[in-house]
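Colleague: I have not looked at this structure before. Could you take me through it, please?

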Amino acid sequence: LFPTPRTAITALNAVHPPPFGLIPFTMQSACASRVSAHDLEPPIKRRETTSVAARRMIANALNIREIVKTDVAKKEEAELNARRKSNRDARRAKQAEREQAMDSAWND
């Protein structure tokens with residue numbers, strides 16, 4: 001299954017002769033028609049798992065309150081917290097800028 005007809009046609013034309021029978025999805029079988037549209041979508045990319053998150057998941061799975069953190073883990077956690085803080089500050093600045101633009105638009 002391809003996300004767009006163009007990619008399907010490109011894939012179909014790439015191999016001559018095709019090693020298996022191909023038909024358009026519009027000529028689907030009864031079994032294929034029962035597949036929901038959501039299942040045909042490509043999978044959603046998940047967030048990158050950091051070592052901090054991996055340690056937390058392992059600790060939760062083992063019912064351990066806290067795993068002793070190494071210097072590397074502390075450094076990674078500090079970097080992650082700094083990145084989160086900068087993202088939060090950027091969001092707040094953008095929101096303040098929008099509010100200021102709205103106020104100036106209403107005051108003019």
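Modeller: The model is predicted, and the protein chain averages a pLDDT of 80, with 86% of the residues scoring at least 70. Here pLDDT is the predictor's confidence in each residue, from 0 to 100. Local features need pLDDT of at least 70 and side-chain atom pairs count only at pLDDT 80 or more, while totals for chains, interfaces and linings use all residues. Residues are numbered from 1 along each chain as its sequence is written, and side-chain values use heavy atoms, with hydrogens and water left out.

Colleague: How many helices and strands does the protein chain have?

Modeller: The chain has five helices and zero strands. Helices (H or I, at least four residues) and strands (E, at least two) are DSSP runs, numbered from the N terminus.

Colleague: Which elements have the lowest and highest mean pLDDT?

Modeller: The lowest mean, 70, belongs to helix α2 (residues 30–33), and the highest, 89, to helix α5 (residues 71–107).

Colleague: What share of the residues counts as buried?

Modeller: Of the 108 residues, 5% count as buried. Buried means under 20% relative accessible area, exposed over 50% and partly exposed in between (1.4 Å probe, protein chains only).

Colleague: Which residues are buried in α4?

Modeller: V52, A53 and A59 are buried there. Seen down the axis of α4, the buried residues fall within an arc of 125°, so they line one face of the helix. That arc is taken from the directions from the helix axis to the C-beta atoms.

Colleague: And where does N63 lie?

Modeller: N63 lies in the loop between α4 and α5. Its phi is near 55°, a positive value in a residue other than glycine. N63 counts as exposed, at 72% relative accessibility.

Colleague: Changing topic, which residues line the second largest pocket?

Modeller: The lining includes R46, R47, E48, A53, L80 and R83. The elements giving two or more residues to this lining are α4 (51–61) and α5, and α5 gives the most, with four residues. On a 1 Å grid over the protein atoms alone, a pocket is an open set of points where a 1.4 Å probe fits, with protein on both sides within 12 Å along at least five of seven lines; lining residues have an atom within 4 Å of a point.

Colleague: How many of the lining residues are nonpolar, polar or charged?

Modeller: Three are nonpolar, three polar and six charged.

Methods
Nonpolar A, V, L, I, M, F, W, Y, C, P; charged D, E, K, R; others polar.
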